[in-house]
Amino acid sequence: MKPATKFIHAGMEPDPSTGAIMTPIYQTSTYVQEAPAKHKGYEYARSQNPTRKALEDAYAIIENGKYALAFSSGVAATDAVIKLLEPGDEVICANDMYGGTYRLFTKVFEKFGIKFVYIDTTKTENVQHAVTGKTKLIWVETPTNPLMNVSDIAAIAAIAKPKNILLAVDNTFASPALQNPLDLGADIVMHSATKYLGGHSDVIQGALMMNDKDLREELYFIQKSCGAVPGPMDCFLILRGIKTLGVRMKAHCENGKIIANWLRKHPKVAKVYWPGFEDHPGYAVAKKQMKDFGGMISFELKNDSVDEAKRVLSSTHLFSLAESLGGVESMINHPASMTHASIPREERIKNGLSDSLIRLSVGIEDADDLIEDLNKAIG
Ligand SMILES: *Cc1c(COP(=O)(O)O)cnc(C)c1O
């Protein structure tokens, strides 16, 4: 089945009691049993919920996986993956990943004796060199947030697999419409469903997709034991969002391309980060592993001052100044003071994230209106 069809039909069965075409929001905490331990597969809603099950079935299908689990947020999904580990284990991860992932790793998990090794994963040989006998997990985000760095998923999987190291990929930026890491050899895909999967900026949720049954059982055990499960209303919203993922991503990509090229020609813009440019260092890999280049763009102004960046950030009208991304509406963000403020300044600068960097999540409005808005703001 082609992706656009899958996005609409994945996980959806008419409701058995009424035939409702949309899976109902099963707003219940428990299920009545006929006799002790005689039930219909549903005991208590932290462990199972029919709306969540429909969504988890859909999640698996849209990432070409066998299994999937839904979590109350993207970071809760990441948290569950790290809980597979034990003190003394090492994790190799990218040095410019999502700020909240970095915070979870350094501020929450380091104190439990898990070691995180931050490297530039765009160079596959760095991953090879960082592997030790204690490496249990490689955590990759591609393209990265906000510098749009691209890592080669298949090449990293080829390093991880023979050594039985798990490879997890944060696929939030690309979405399943543009990139499917399980097909490239990853063991776990993580999504902040809050972004493109939901698509309408109205819900927080996370997802994990995988092929291995034992891995699914371990993660399911963590999901029900730690309890970071989404409510049924949130599951319903994501199920609804996924239906339009195909058309939305097409529009995000078209607008992204137009705006990246327009920004690049703007006399006041110094540098534009977008993996669809042929001279982007990750272009060849992006072209190989992604179907298109997405609607996330970052740029720096020639006037490299925080004040000038803040002036532009406060001057747009269609681009809303907000954290988050992936909604139908365009958003503008200042990583240094917003999404990535939890990363110390020296770390940020070292990794190429300047104080004046501006990040755009290009929505699906008319591109002419978006350009007019940016043009007025940049001045
Ligand atoms: C937002 C985001 C997360 C965290 O997800 P939440 O749903 O906000 O918890 C993780 N990774 C990336 C790339 C993100 O953009």
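Predicted model: local features only at pLDDT ≥ 70, side-chain atom pairs only at ≥ 80, totals over all residues.
The ring centres of Y283 and F293 lie 5.7 Å apart with their planes at 25°, so the pair is stacked. This pair links distant parts of the chain, since Y283 is in helix α10 (residues 283-289) while F293 is in the loop between α10 and β9 (296-301), 10 residues away.

Y283 and F293 also belong to one aromatic cluster, together with W274 and F277.

Across the whole structure, the search finds 8 aromatic pairs. One of them joins Y102 and Y118, which form a tilted pair with 5.3 Å from centre to centre and 50° between the planes. Y102 is in helix α4 and Y118 in strand β3 (residues 115-119), so this pair ties together parts that are 16 residues apart in sequence.

The two tyrosines fall into separate accessibility classes: Y102 is buried at 13% relative accessibility, whereas Y118, with a relative accessible area of 24%, is partly exposed.

## The largest pocket

The largest pocket has a volume of about 470 Å³. Its lining is made up of 27 residues, and those that lie nearest the centre are V75, Y98, G100, S192 and K195. By class, the lining contains 13 polar residues, 8 nonpolar residues and 6 charged residues.

Three elements, α3 (74-82), α4 (99-109) and β6 (188-192), each supply at least two residues of this lining, and the largest share, 5 residues, comes from α4. Residues of both domain 1 (3-243) and domain 2 (245-378) take part in the lining, so the largest pocket lies between the two domains.

## M233 in helix α8

M233 is located in helix α8, which covers residues 232-243. With a relative accessibility of 40%, M233 counts as partly exposed. When its neighbours within four places in sequence are left aside, M233 is in contact with I25 and Q27. R264, by comparison, is 31 residues from M233 along the chain, and the C-alpha atoms of these two residues are separated by 42 Å.

Notes. Residues numbered from 1 in each chain as written. Heavy atoms only, no water. 1 Å grid on protein atoms, 1.4 Å probe; cavity = no way out; pocket = protein on both sides within 12 Å on 5 of 7 lines; lining within 4 Å. Points joined across faces, edges and corners; volume = space filled by probe spheres on them. Helix = DSSP H or I, 4+ residues; strand = E, 2+ residues; numbered from the N terminus. Nonpolar A, V, L, I, M, F, W, Y, C, P; charged D, E, K, R; others polar. Domains from an automatic or database assignment. Buried < 20%, exposed > 50% of the residue type's maximum accessible area, 1.4 Å probe, protein only. Contact = heavy atoms within 4.5 Å. Phe/Tyr/Trp six-rings, centres within 6.5 Å; stacked < 30°, edge-to-face > 60°.
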